[in-house]
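These are my notebook entries on one protein chain. I set down what I looked up, entry by entry.

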Amino acid sequence: MRYHNITKDDMLNGDGLRVVLWVSGCSHCCRDCQNPQTWDPNGGIPFDEAAKQELFLQLEKPYVSGITFSGGDPLHVNNITEVTELAKEIRSKFPDKTIWLYTGGLWEFVKLEEIINYLDVLVDGEFETDRKDTSLKWKGSSNQRVIDVKRSLETGKIVLHTAD
């Protein structure tokens, strides 16, 4: 897996203050994407032990609410295995931190992947420029959904996440 950046003290990509891992690789290539530099799966730099420790150092801070995986697409074929293992490790080491993930993929498919077991919130769907709405919280276009993963799995229906 490769990544472009680790953002610290982020308040735009999920509830609370977060650390964000921006991975490389996206096959959706949405028109007017805010991060087209992350599309190339060979872009960025290799995700190594030092990068993982940088994430963990942030997650150890009591005021950090959790981690957000974004990009690119964390579920791109080049990323899904490592992102799943990383999410699993974070869930184990930091059980009180929340894990958010942004993907162009849809819930109906993502819920079948192992990673769903480690996520708290999934923001799904491709960005659609004709449905762009800057007033929306945590998403860029009205077709995207901010899904409460645990409640959705429990009920068998999509339950949208709302701010506490």
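Predicted model: local features only at pLDDT ≥ 70, side-chain atom pairs only at ≥ 80, totals over all residues.

**Entry 1: Asp9**

I looked up Asp9 and found it at 39% relative accessibility, so it counts as partly exposed. Asp9 belongs to strand 1, which covers residues 2–10. I then checked its backbone: phi of Asp9 is positive, about 55°, although Asp9 is not a glycine. I recorded this value because most residues other than glycine have a negative phi.

**Entry 2: the chain as a whole**

I listed the secondary structure next. The protein chain contains seven strands and four helices. Read from the N terminus, their order is β-β-β-α-β-α-β-α-β-β-α. The radius of gyration is 15 Å, close to the 15 Å that the globule rule gives for 164 residues, so the chain is as compact as a globular protein of that length. I also noted that the C-alpha trace spans about 40 × 35 × 30 Å along its principal axes.

How much of the chain is buried? Buried residues make up 49% of the 164 residues. The protein chain exposes about 8,400 Å², and carbon and sulfur atoms supply 51% of that area. Among contacts with a separation of 6 or more, 57% join residues 24 or more positions apart.

I then turned to charge. I found 19 positive and 26 negative side chains in the protein chain. The centres of the two sets lie 3 Å apart.

**Entry 3: the cysteines**

How many disulfides does the chain have? The count comes to zero. Cys26 is in no disulfide, and its nearest cysteine sulfur, that of Cys29, is 5.6 Å away. For Cys30, the closest cysteine sulfur is in Cys26, at 6.1 Å.

I compared each accessibility with the cut-off. Cys26 has a relative accessible area of 13%, so it is buried. Cys30 also has a relative accessible area of 13% and is therefore buried. Cys29, at 37% relative accessibility, counts as partly exposed. Cys29 sits in the loop between strand 2 (18–23) and strand 3 (45–46). Its phi is near 45°, a positive value in a residue other than glycine.

**Entry 4: Leu55**

Is Leu55 buried or exposed? Its relative accessibility is 0%, so Leu55 counts as buried. Leu55 is part of helix 1, residues 49–59. Setting aside neighbours within four places in sequence, I found Leu55 in contact with Ile6, Val19, Leu21, Phe47, Ile67 and Leu86.

**Entry 5: Ser152**

My last entry concerns Ser152, which lies in helix 4 (residues 149–155). Its relative accessible area is 2%, so Ser152 is buried. Leaving out neighbours within four places in sequence, Ser152 is in contact with Trp107, Ile147, Lys157, Ile158 and Val159. I also looked up its distance to Thr68, which is 84 residues away along the chain. The C-alpha atoms of Ser152 and Thr68 are separated by 19 Å.

Terms used
Residues numbered from 1 in each chain as written. Heavy atoms only, no water. Helix = DSSP H or I, 4+ residues; strand = E, 2+ residues; numbered from the N terminus. Rg over C-alpha atoms; globule rule 2.2 N^0.38 Å. Buried < 20%, exposed > 50% of the residue type's maximum accessible area, 1.4 Å probe, protein only. Contact = heavy atoms within 4.5 Å. Areas by Shrake-Rupley, 256 points an atom, 1.4 Å probe, with all protein chains shown as cover. Lys, Arg positive; Asp, Glu negative; His and termini not counted. Charge placed at Lys NZ, Arg CZ, Asp CG, Glu CD. Disulfide = S-S within 2.5 Å.
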